[in-house]
Amino acid sequence: MKPFAYTRPAEAADAVAEVAANPDAAYIGGGTNLVDHMKLGIAEPTSLVDVRDLLSHRVEKLPDGRIRVGAAVPNSDLAAHPEIREHYPVLSQALLAGASGQLRNAATTGGNLLQRTRCVYFQNRAMPCNKREPGTGCAAIEGYGRYNAVLGASEHCVATHPSDMAVALTALGAQVRVLGPSGERTIDLPGLHRLPGDTPQRDTILEHGDLITAVDLPRLPLAARSAYRKVRDRASYAFALVSVAAALRVVDGTVEDVRVAFGGLAHAPWRAHRAEEELRGGPATEEAFRDAARAELADAETGPGNAFKVPMAVNTLAATLRDLSTEETS
Amino acid sequence: MEATITLHVDGEKRELTVDTRTTLLDALRDRLGNTSPKKGCDHGQCGSCTVLLEGRRVVSCLTFAVAHDGATVTTAAGLAGEDQLHPVARAFVDHDGFQCGYCTPGQVCSAVGMLEEAGADWPSHVTEDLRAPVTLDDAEIRERMSGNLCRCGAYVNIVAAIREASR
Amino acid sequence: MTSTLEPKSMGRPLTRVEGADKVTGRAPYAYEHPLSDPLYLHPVLSTIPHGRVTAVDTSGAEALPGVHTVLTPGNAERLADTEDREFAVLQSDEVSFHGQFVAAVVADTPETARQAAGLVKVDYERLSHDVVLTADHRGLYRPVEDADEGPSADTAQGDVEAALERAEVVVDHTYSTPTEHNNPMEPHTTTALWEEGTGHLTLYDSTQGVHVVRASVATVFGLDPERVRVVAPHVGGGFGSKGEAHAHNVLAAMAARALPGRPVKFALTRQQMFCLVGYRTPTIQRVRLGADRDGRLGAVSHDAVEQTSTIKEFTENSAMCSRWMYAAPHRRTTHRIAALDVPVNFWMRAPGECPGTYAAEAAMDELAHACGVDPVELRALNDPETDPQSGSPWSDRRLVQCLREGAERFGWHGRDPAPRSRREGDWLVGTGVASASYPHMFNPGSVAHVRHDGDGRYEVSIGAVDIGTGAWTSLTQIAADALGRPASDIRLRIGDTAFPSASVAGGSSGTSSWGTAIVAAARAFRDRHGDSPEPGAEASASAAEDTVDEGYSIYSFGAHFAEAWVNADTGEVRVPRMYGLFSIGRVVNPRTVRSQFLGGMVMGLSMALHEESYRDPRYGHIANGDFAEYHVPTNADVGDLRADWLDEEDPRATPMGSRGAGEIGIVGSPAAVANAVHHATGVRVRDLPITPDKLLR
């Protein structure tokens, strides 16, 4: 790890100015991802700007019914918040499916969105990786492929996004509030995260110096009946092989509205627009759920290590929607 | 680059100069000689370094000491008085909730923090109804303690110890 | 054979004598002994699997303030004895595996050492490499065995091929297990101090054998063993990986000798542990069983293919368990290994018996299914009267009792034997059983020392180590009974070469070997000093050579039962219940022995469902080498596990009547889980681990 300067500005604008002025500066919040990467030598900031105290720790209801989550709200507090548990269970469940109690206590809302991939080649400096070192190649494509992407990947990168929370926020269509050198702006999910293309070094559309200040949850009555289902190699404390965030409203056996996003399949949380379209207005049956999932995965490209993700995603989405529809009728 | 900070560790005020790169874990172990929190992975993947930071359980390996100037840190060595055992620690001894003992201080701190969380009605991954109050049954204890790996496989006894201590 | 000790303290569930120190974290491990002015070592590891180091540029590292030295193949001291090539640290430019030490930095702080290590530039000449084991690997050979030592690679009785030919039912399958890493929670750590004036080397080490490490380090550096002290009062697990010295001990000592008077602390990182401290070889095992329609075995054939390293040979004796487990007139076992460009493989809990019994007991399950015989009864049917290997009588074979009583207690009966016959909601439910056995291991040569402190209080010293087994407590209990005193009158001293020589904590041999020495020392004390000894009276003795009755085959046995739930949609496996019933002779401490059994069962569950080190064929490294990707069970993965044992003693094994407990819990449990998964789903996964993708429909 390189030596670094550490500062803790009082105002967000000062923090943004400080980071924007130094290409080797980075924000630090909970640190659970960045410190890990600094130890591995895959992040080497020479200046850390601590934003944990200057960002909001509050979850507040806006006058228009939306919920504003401060970027410094710890994952555990957000998951336990009564408003989230009541109206956005998919978000609580996604948070609680991630990491461990200790990590959720430290990790922040903003930082969780910006988690970098767990690809084992990205994490190992001795390996080629286009995301870490553009132009060196992708060791993952022909390598340990269990966690590789099946949707939206490129010949340059097959990494997946590791966040559970971001999958739920993507299904909900949350908005990310960003303060940058040129002022504030709002990014609608899933627009924050990008697909790798030929610039896999960029995880998101954020520019250097941009600081996530809050996440706004839309007023979405549909979300009161929502769920997050995560399939992983052990019962807890493991990254997703496949995960599904879904919200469903069924009226008289017909899908009136639905939201679906997948985790574990792509470089970004994957909003399943195609599946949603197939489902809306159709019958709420297991077969319809499966057909919709298959439609979403029609373009999946797999290798020997991750081919299982297609049937796993189909089954997991079908099971999640089945449970949500059963819950509704019961 | 160095910084001078103050930490309140196990009830004692400690002033120390750290490299900004020094994690809270290494500050405790290497600088302050408090080796109660253990280093099992150094990457937040095992929980052996769990301490209570301002009362909340965290992994001390993934945070820099310099970010915690003035903070209160409690390790397993400071949960009770010098010659006493915290009820959770006592229950770990009685139920043989450990073998090699290396993950144990982290397990004990994690359990103490976890019981607070459950008491505050925080849900977990296995909580069936997010809208109902939390009941701390065995499945809840297991899930909430899953951030603390134990390679000796003492989990059954860890759960028994925490079950007893939670009563 | 000697008369057994009267159990007064033994058999009681004492809590661990070091318990309070461990739950508060005050018990010192190898990194944690208070020493002034320590230095910190961070190594540089090779990033190629095979080749030569052509240049090491240390200028960047040496320029950093706080760096004391950078050791390289060019400047490291020449070692006195490198016959064991695992210890030939920085002795040449050869690279024999990915992750080998090629340099090391010693600095004032861990941060500086780590940064400097990252600044060391190493150039390589790459040579072609071979890191992938296959069943038909061209380099397979029959492992060389010293005729005087250890078991033979192959055995054959009768005519297996002919017997299989005429068998009414044949099971013929190949089972594979992946590379697995021990991963004790405490990383391998050595704090080394060299005092130049006196020529004394002290190692605070995380080891299963202080005397074992002393012997190796003394040899490698050409030191008088009396001038090497190894200290390990508490060790954070080992599971075999700390059973001998490894290269890091040599590197730490080498650094200390380069910097006299300053302790050098060297803790491996979790990631480095995947390269340098042993692992379980992958295995490819073909098991063939020939039986009549009722399931009576006529032929047992078990062929194991495994790997070892090019620099040091170690054979995992996986097929050995089939030499004694079941009766069959025609039998054969073979072992073939290939030496690859990989790190040195070594012991991992129950080396041989663990992977071998998985394959053999999965095959027995397939035979039960093929014959339509209950799996418990199939095993009972084939229980041998005498040891099929030697013809010797059994000392105490109670496998059938474990199976039948275990079945009752688990609630085995009444199951529909048809796979995929029980469903609970979205979950497919099944149960499985497997047998377990483990040989009685006894290491002669351990010595114990007894000293009377006065007033009936005794100090008992032996250079044994407690790696979590409970030795601190169980040896105290043995000493108490041997001296006829309550345990509170015994002050046990272990974990230091300052105490008499003791064998390794491995092979489930510790309590047997050390306890026998303590009993011998107590008897010697009584013989010399009578019943009213003076304060300061003392005596030493070693365990008698004829402790174990050679006329008998002495094994521990057990039966494992597991219930598996498999999600019909996702293939996720949960194991809400496991039950183990064991026969291990006398149980010295029920509390700690139960923990050993349960811990072994958890590791067996882990082997069945989770553990796999993926070695990348292109780079030769373990790609998933950390705790995020190399999965061991979390608390949530472990359900209601129970372990019991039969009430017995085995005077032919040890004077305590005990055999070993540390390993039998992991023997058989993986097969019980795998068999339960098959019963639940109808899917027979023959390559561990059984991850969700392998069960998807």
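## Contact between chains B and C

In this predicted model, chain B meets chain C through 51 of its residues, which are in contact with 59 residues of chain C. The area buried between chain B and chain C comes to about 4,300 Å², and carbon and sulfur atoms give 53% of that area. On the side of chain B, the residues that lose the most area to chain C are Q99(B), R151(B) and Y155(B), which together account for 19% of what that side buries.

## Polar and charged pairs

Between chain B and chain C there are six salt bridges, and 32 residue pairs are in polar contact, counting pairs in which both residues have pLDDT 80 or more. A salt bridge links R16(C) to D96(B), with 2.6 Å between the closest N and O atoms.

## Make-up of the chain B side

The helices α1 (24-31), α2 (87-94), α3 (104-119), α4 (138-144) and α5 (155-166) of chain B are the elements that each give two or more residues to the side touching chain C. Of these elements, α5(B) gives the most, contributing five residues to that side. Sorted by residue class, the side of chain B that touches chain C divides into 22 nonpolar, 14 polar and 15 charged residues.

## Domains of chain A

For chain A, the domain assignment gives domain 1, covering residues 5-50, and domain 2, covering residues 222-329. The C-alpha centres of domain 1 of chain A and domain 2 of chain A are 36 Å apart in the model.

Note on methods:
Residues numbered from 1 in each chain as written. Chains lettered and ligands numbered in written order. Predicted model: local features only at pLDDT ≥ 70, side-chain atom pairs only at ≥ 80, totals over all residues. Heavy atoms only, no water. Contact = heavy atoms within 4.5 Å. Buried area = accessible area lost by both parts, 1.4 Å probe. Salt bridge = Lys/Arg side-chain N within 4 Å of Asp/Glu carboxyl O. Polar contact = N/O pair within 3.5 Å; in protein donor to acceptor, adjacent residues only side chain to side chain. Helix = DSSP H or I, 4+ residues; strand = E, 2+ residues; numbered from the N terminus. Nonpolar A, V, L, I, M, F, W, Y, C, P; charged D, E, K, R; others polar. Domains from an automatic or database assignment.
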